[in-house]
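This report covers the pockets of a protein model and one of its helices. The sequence and structure are shown first.

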Amino acid sequence: MTRIAAVHGALAPHRRSQSEITDIVARTCLPEGADRRVLDRLHRSAEVHSRHMTLPLEQYGELDGFGAANDVYVAAATDLGAKAVRDALHTAGLSPADVDLLVFTSVTGIAIPSIDARLVGRLGLRPDVRRLPLFGLGCAGGAAGLSRVHDYLLGRPDDVAVLLSVELCSLTFQRDDASMANLVATGLFGDGAAAVVVCGANRPHRPDETAGPTIVDSRSRLYPDTGRVMGWDIKDTGFRIVLDPRVPDVVRRYLADDVEGFLGDHGIKQKDVTAWVCHPGGPKVLRAVTEALDLPAGALDVTWRHLADVGNLSSSSVLHVLRDTLAEHRPPPGTPGVLLAMGPGFACELVLLRW
């Protein structure tokens with residue numbers, strides 16, 4: 001098994017209340033003189049109180065097209081990613097020279113050289129560090145990234161790997177787009193990053209209160225006929241969100257069987273799971289997860305609080321929930337946990353943990 005040595009979350013610099021963000025969305029997305037009651041209702045129903053944004057609110061209306069927004073993404077993602085990785089390594093008691101693999105996941109911007117390549121010299125990583133940039137996984141990227149890190153370390157148990165997620169969702173919001181999908185997205189998504197340091201089985205670790213769980217196994221599932229449930233349409237103005245209201249129905253239809261089968265392969269019953277580290281896909285999705293898995297009251301409290309405090313950070317969110325679980329609700333040692341996230345495809349990623 002591989003061990004999580006540290007998890008660190010970082011947030012974009014400009015924190016704003018939901019009402020402030022709703023006001024700027026009304027000015028930039030709705031036609032002049034339009035009734036904004038639907039927008040207000042959608043943003044209230046997101047159950048998000050505040051979010052962190054990459055730019056001051058007044059500057060979003062000044063972004064001139066995809067190129068301008070992506071230029072901001074490249075600069076800001078590099079800065080925020082560097083902070084997240086540096087702080088995670090410090091918590092793990094490791095140096096940049098110890099890192100053998102850097103995995104980077106994001107779905108809110110494009111960079112070539114990729115963000116991970118830009119961080120090698122900046123952070124002092126070795127020039128022979130292996131890199132794996134992942135794109136297109138969306139909200140499932142944090143869980144999928146952990147899975148791929150685990151796969152690598154099974155073959156190289158002496159190594160250290162870092163997973164970095166950076167998602168600057170606010171830079172994808174579409175101006176002059178009053179579609180329901182865009183209005184929902186502008187009420188839900190925020191900007192942040194997370195870095196996870198993972199060590200192979202042969203790598204010595206510190207058996208103290210900062211140590212994280214081991215990764216036991218992972219599973220990926222792609223559901224049939226759901227390709228247009230979630231994703232991007234790539235337009236001249238950038239990433240236009242595809243968000244079908246059927247997402248909770250897909251969760252209710254498939255998730256319970258997937259989780260039961262995954263746990264059953266390891267001789268674990270669902271009642272034995274002491275922590276559910278769940279991505280905050282939104283209130284309707286979280287209620288669907290709770291119903292599908294018949295979770296006890298309070299099982300997703302950490303996820304709900306994360307959603308209220310900072311919104312949905314796409315692939316970074318489930319890693320923030322993992323960090324908060326370790327810091328505030330650490331399960332009993334030796335017990336199983338499940339980390340789960342869903343994203344475009346439509347797909348589900350499951351990671352089995354042992355605390």
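## Largest pocket

In this predicted model, the largest pocket holds about 920 Å³ of space. Its lining is made up of 44 residues, and those closest to the pocket centre are Val184, Leu188, Phe189, Leu243 and Gly281. Two or more lining residues come from each of helix 2 (37-45), helix 7 (180-188), strand 9 (230-235), strand 10 (238-243), helix 8 (247-264) and helix 9 (283-293).

Helix 7 gives the largest share of this lining, with six residues. By class, the lining of the largest pocket comprises 26 nonpolar, 13 polar and five charged residues.

## Second largest pocket

The volume of the second largest pocket is about 390 Å³. It is lined by 27 residues, of which Tyr60, Leu171, Phe173, Gln174 and Arg175 are closest to the centre. At least two lining residues each are supplied by helix 1 (18-29), helix 3 (57-60), helix 4 (65-92) and strand 10.

The lining of the second largest pocket divides into 14 nonpolar, ten polar and three charged residues. Strand 10 contributes to the lining of the largest pocket and also to that of the second largest pocket.

## Helix 6

Helix 6 consists of 15 residues, 141-155. From first to last C-alpha it reaches 21 Å, close to the 21 Å expected at 1.5 Å a residue.

Eleven of the 15 residues of helix 6 are buried, so the helix is mostly covered. The buried set is Gly141, Gly142, Ala143, Ala144, Gly145, Leu146, Ser147, Val149, His150, Tyr152 and Leu153.

How values were computed. Residues numbered from 1 in each chain as written. Predicted model: local features only at pLDDT ≥ 70, side-chain atom pairs only at ≥ 80, totals over all residues. Heavy atoms only, no water. Helix = DSSP H or I, 4+ residues; strand = E, 2+ residues; numbered from the N terminus. Expected span 1.5 Å × (residues − 1). Buried < 20%, exposed > 50% of the residue type's maximum accessible area, 1.4 Å probe, protein only. 1 Å grid on protein atoms, 1.4 Å probe; cavity = no way out; pocket = protein on both sides within 12 Å on 5 of 7 lines; lining within 4 Å. Points joined across faces, edges and corners; volume = space filled by probe spheres on them. Nonpolar A, V, L, I, M, F, W, Y, C, P; charged D, E, K, R; others polar.
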